[in-house]
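I opened this entry to keep a record of what I looked up in the structure, step by step.

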Amino acid sequence: MKAGETRPVSFTINEETLAFYGIDLTKKAEPGDFHVWVSQHSADEANQATFTYN
């Protein structure tokens, strides 16, 4: 992409993406609300979304 050019992007967040190893060393994803940000820097909160994983 050239400087200043914009383009739509998409990505999938699934159980594997949310998974971690618990204290019992089993890989798991826990249900809950999650917040995601896509931004140019850490102070930019313009592009955010919330989703729930059950």
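In which loop does Leu25 lie? I looked this up in the model, which is a predicted one, and found Leu25 in the loop between strand S1 (20–21) and strand S2 (27–28). I checked the backbone there and noted a positive phi of about 65 degrees for Leu25, although it is not a glycine. Most residues other than glycine have a negative phi. I then looked up the accessibility of Leu25, and the residue is exposed, with a relative accessible area of 68%.

Next I went through the secondary structure. I noted 1 helix and 4 strands in the chain, and along the sequence I read the pattern as α-β-β-β-β.

I turned to overall dimensions. For the radius of gyration I have 15 Å for the chain, whereas a compact globule of 54 residues would have a value near 10 Å. The C-alpha atoms fill a box of roughly 45 × 20 × 20 Å along the principal axes. On burial, I recorded that buried residues make up 9% of the 54 residues, taking buried to mean under 20% relative accessible area. For contacts with a separation of 6 or more, I noted that residues 24 or more positions apart account for 13%.

Then I looked at charges. The chain has 4 positive and 8 negative charges, and I noted that their mean positions are 11 Å apart. Side chains of opposite charge can pair when their charged atoms come close. How many salt bridges does the structure hold? I found 2 salt bridges, and I took them in turn.

In one of them, the side chains of Glu5 and Arg7 meet at 3.1 Å, N to O. Looking up both partners, I noted Glu5 as partly exposed, with a relative accessible area of 36%, and Arg7 as exposed, at 51% relative accessibility.

Glu16 also forms a salt bridge, with Lys27 as partner and the closest N and O atoms 2.5 Å apart. I placed Glu16 in helix H1 (residues 15–18) and Lys27 in strand S2, so the pair ties together parts that are 11 residues apart in sequence. For accessibility, I recorded Glu16 as exposed, with a relative accessible area of 51%, and Lys27 as partly exposed, at 43%.

How values were computed. Residues are numbered from 1 along each chain as its sequence is written. This is a predicted model: local features need pLDDT of at least 70, side-chain atom pairs count only at pLDDT 80 or more; totals for chains, interfaces and linings use all residues. Side-chain values use heavy atoms; hydrogens and water are left out. Helices (H or I, at least four residues) and strands (E, at least two) are DSSP runs, numbered from the N terminus. The radius of gyration is taken over C-alpha atoms; the globule rule is 2.2 Å times the number of residues to the power 0.38. Buried means under 20% relative accessible area, exposed over 50%, partly exposed in between (1.4 Å probe, protein chains only). Contact means heavy atoms within 4.5 Å. Lys and Arg count as positive and Asp and Glu as negative; His and the chain ends are not counted. The place of a charge is taken as NZ of Lys, CZ of Arg, CG of Asp or CD of Glu. A salt bridge is a side-chain nitrogen of Lys or Arg within 4 Å of a carboxyl oxygen of Asp or Glu.
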